[in-house]
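Dear colleague,

I am passing the model on to you below, and after it I set out what was found in it. Please read the notes with the coordinates open beside them.

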Amino acid sequence: MRLSQHTIAKLLITTNPALLNTSQCMGSIQPLIMLVRDHDSSDLQKFEALLSLTNLVSFNDNTKQHVVAERGISILSYAMFSNHEMVRRAATEAMSNLVPNPDMILHLREHEKLKVWITFASDFEEHFECARAALGCLAMVTQDPQIAAELSKASNAESMIKSVLECGNLELMHRMLIIVLNLMEHGGKSKELIFSTGTVAFCEAYTQTYKNGGETQDLELSQSDEEMMKITVDLAKEVVLAS
Amino acid sequence: MLSFDAKNKAAKMLLQELKVTAPKLLKESGVSSSSSPMGSALNNLQMAIKDDGNAKADSNANDQVHQSLKFIHASILDDLTNGAHELLKNNNRGGKILIHLAFPSEGGGASEVQVLALKSLSAACAYPAFSHSIENVLVKWGGNENGEKWKKKFESQVFDILSSESRSEDLMNAVMTLQMRLTLNCHVQQDDKNYFDESFTTSQHDGDLFSSDHQVAVVSTALQSPREECRSTGLNLLSSWLEPNPLIVINGSTARGGENDGRDRISHSKVKEPSDQEVNQLPARKLAGYRNRCAQRSKGRVDRSRKNALEFCRKGGIDGLISSAAGSREGYWRRECVLAVGRVMNYIRDETAPKGEDGTFIDEHTKNTIQAFFKEKEHELTIEEIKDESVGEQPDGDSELMTCMKRCLFATALFVANGEVGGWALKEMWKYSKSDWNYLAVSGDDRFMAAASECASAAAGIEGARAWISSCIDTPNADGVWRQLLSCDDKEVRSGAASAMAKLGLANKSVSSDEGELFALLEVAAGLLEEEPLEGALATKISSENSYHAPLERGIELLSYLSSKTSVKDEIIHGFAFSSKSTPAGSSVLKKLVELSDPISVLSPAMSYSLATIFTSLSVSIEALRREAFEGKEMTPEQYDDLQAMGKTPEERKLEASNKEIEDPDAVSSRIKKMVQHNVPRALVNLVHGGTEATREQVVTAMMRIACEPAARGAMIQQGCLSTCIKLVKGVSIMRYNQNTIIIE
């Protein structure tokens, strides 16, 4: 049976879910979840199953709901603590793609669960891809006022915001600036957290330095990075304006 | 009147009077009260036959008998339970009429009427109550109550029919089928009696219904018949007589027949077998009793089967079977006979025999039977030689070949039956085995060569005989012998030799690295995949049963052995096709393999498994297989190689490195792409349907290996691999559309 599950996983890693019919799309979710949950399956099998799940849940709300109905949230959360780095990364990405499913939002409203995600996001030096996926997820879920409030209460949130903004990676900064903007919009304690971390001052300095593309020529950025730079500068401006 | 007024006393009294008097009146007039169509047909028969059981000379009466019998036969075939009940009515009136028509006292009789009556009887005997009742009718028909005279009368009638050359084939088959049904029913009753111990006394006969002399005589006569159908029925009769569990034969024939008249619901035995769950729930005392009864019954079955098999051997049955096989030019028939001999030898064997002086666990009866056969054949040969020498001529080559062939066929049967017995017989009894085998192999006659290659194939599958067949290869002219066998025009010869080569290769756990030899074998395997139209009446039977695919099966077996070699894989993928002087190159081997997986072609489980293995081998590199083998081990393949290299000299290492097959990953990828182009994923999906657990595992492995190639994934999903895997995981019943039939598995 495990071989069949692994075959399903292999087949769906690169296949566009839109090309599958409903029964194939929905029918593959349970075997994949079972493979992730299986204690005897290898890391490669788990990894490929998680990649396929990531692919499937990105398709539409029905697939997300089906994964949740198969107790996917708890199984994927467990996989996020795997010994293998790539399994952890794939599980985090799969979880991120479950947003905005209501059950996933409820899951992240729990303080302890959110703290785990903040920890994952802070660990960008060791596990960049995992941190990127966690930040992406936080950027999406901080639109929810309750999650934003929980985030501002978290003890490790302040250090996370500071370290990510200063990391110099544009992809991570982009996600973090979205989180900052969301927190600013909610106001109250969330806004206070942003001020306490000195993010507004950082954004002002950032905007001043790189506005209108100035000073970027010395950085020798690629074309995609230059575009990303513009986006981050615009976001930083918005943060300054919102303050 | 009663339906209008239920209290009408006069009507009630009239009804009561009718109930009492009507059966008496009908019984006196000898006419059934039945108003059913079957009852009317029986009435017609009763009126048309004379008191002595023969039909009246009147042509109208004859027509009436004929039509009525046809109707009765069709009714029984249509609905066995109802048909048998109709015959059983009025103290088995129908059975009695049919017996009179089947065995007319004047002899001769109208053959067609006799055939129809016998067919109706044998069809109705599939119903246990009728079969039991017909035994009682036969006792009375014999004119003696002690149950002996009727047996003789019945046996002589049956033997007359079989030994007369003027009788039709249908009549012979019908009478043997009736005997088969009665024998099976008798065995079921004996088993029930053994199960229920002395409290069960419904059977009137403690022993077998027919004497062993009669059974052997009937089987031997049938085997000597020039009619193929008759010989086949004789073999079936032998199987039913010797099979320990008669229910296996009964259920097998019901399943093969595919009738939808509720035969599968008929309970032949009075024993109600409890389910596993019920057995587990039995209290200790009852469980012990149940186990005891089961052991008693199976001991009875084994003893009966052994006794019958020994009788069969003593009366020259084995010799008859081997002679029939040796005399036939049909590979199918030879194989059937060899298998039958193998089964007989298995029935004779006492598995509880202690270890003998020669270190084997073979019982005395088996030893004596084998000894008697080989001694007799040696004796025959000596007599012929002396006789020939006395007249100053050279020994008759054909008769000598025939004797060698008989020994070879018997040895094949022993190999098939039991490896230990086969090995022992080869070592101790078949003195001139090597020369006999070589004599047959180089004879140039397809029949003898086929026997030699069959023997080689069977011997290669047994550990104790592998050394012998290897020594046959090692002789100076062996290369020529094998080449001769592998290049023979006859498919049977080629397939046997190819199968032997494959088995020997697999036993050595290595595939020959000689490219020339590999391609010669590939050529043979490709040739065996080409189906040839069968000829003759037997062909109709074989094709209808779809049971005989020996050459094809062996072709696939050989391919599964060869496909582990990279050069062969590449050849197959790049469109290797069989071509000979007589036949131009047809479709490629890969295409043929895909076609074979189609649900229309009926495959045996072994063939499905071999096909799946071939596809699995084609879709993987040797390196990947090595990696898979080392998965979960404490050592990597590279570390293992280093460790092995430490014990070798630099020259050995160099030689090993030059012999090592290195496969380019791109080559595997292009192979997979070609496979997808040839619809191999669809073939794999087809193999899952109706496949065994082992086949399914191989299929899924092949699918997984093909899915490693990203470009193949889309086509795989299109061809149904994803849906099949989902179904396999969920354990959903897979429906197989086979022509117009839907089989739910």
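**Notes on the two chains**

In chain A, buried residues make up 45% of the 243 residues, where a residue is buried if 20 or more other C-beta atoms lie within 10 Å of its own, exposed if 12 or fewer, and partly exposed in between, with C-beta atoms placed from the backbone. This is a predicted model, in which local features need pLDDT of at least 70 and side-chain atom pairs count only at pLDDT 80 or more, while totals for chains, interfaces and linings use all residues. Residues are numbered from 1 along each chain as its sequence is written, and chains are lettered from A and ligands numbered from 1 in the order in which they are written.

The secondary structure of chain A consists of 16 helices and zero strands; helices (H or I, at least four residues) and strands (E, at least two) are DSSP runs, numbered from the N terminus. Of the contacts in chain A with a separation of 6 or more, 73% are between residues 24 or more positions apart, two residues being in contact if their C-beta atoms, placed from the backbone, lie within 7 Å. Chain B has 37 helices and two strands, buried residues make up 41% of its 745 residues, and the share of its contacts with a separation of 6 or more that join residues 24 or more positions apart is 70%.

**Within chain A**

Helix 13 of chain A (residues 170–186) has 17 residues and reaches 24 Å from its first C-alpha to its last, close to the 24 Å expected at 1.5 Å a residue, that span being 1.5 Å times one less than the number of residues. Its buried residues include Leu172(A), Arg175(A), Ile178(A), Ile179(A) and Asn182(A), and among the elements that cover the buried residues of helix 13 are helix 10 (128–141), helix 12 (157–165) and helix 16 (223–242) of chain A. After helix 13 comes Gly187(A), with a positive phi near 70°.

Leu44(A) lies in helix 4 (residues 43–57) of chain A and counts as partly exposed because it has 14 C-beta neighbours inside 10 Å. Between Leu44(A) and His6(A) the C-alpha to C-alpha distance is 9.2 Å, although they are 38 residues apart in sequence.

**Between the chains**

The contact takes 16 residues from chain A and 19 residues from chain B. On the side of chain A that touches chain B, the elements that give two or more residues are helix 1 (2–12) and helix 2 (22–27), and helix 1 gives the most, with eight residues. That side of chain A divides into six nonpolar, nine polar and one charged residue, where Ala, Val, Leu, Ile, Met, Phe, Trp, Tyr, Cys and Pro count as nonpolar, Asp, Glu, Lys and Arg as charged, and the others, Gly among them, as polar.

**A helix pair in chain B**

Helix 19 (residues 433–441) and helix 20 (residues 446–460) of chain B pack at an angle of about 135°, with their axes 7 Å apart; axes are lines fitted to C-alpha atoms, for helices over the stretch in contact, and angles run from 0 to 180 degrees between N-to-C directions. Helix 19 of chain B is therefore oblique to helix 20 of chain B, since angles under 35 degrees count as roughly parallel, over 145 as roughly antiparallel, 65 to 115 as roughly perpendicular and the rest as oblique. Trp437(B), Leu440(B) and Ala441(B) of helix 19 make the contact with Phe448(B), Met449(B), Ala451(B), Ala452(B) and Cys455(B) of helix 20, and by class this contact has eight nonpolar, no polar and no charged residues.

With best wishes
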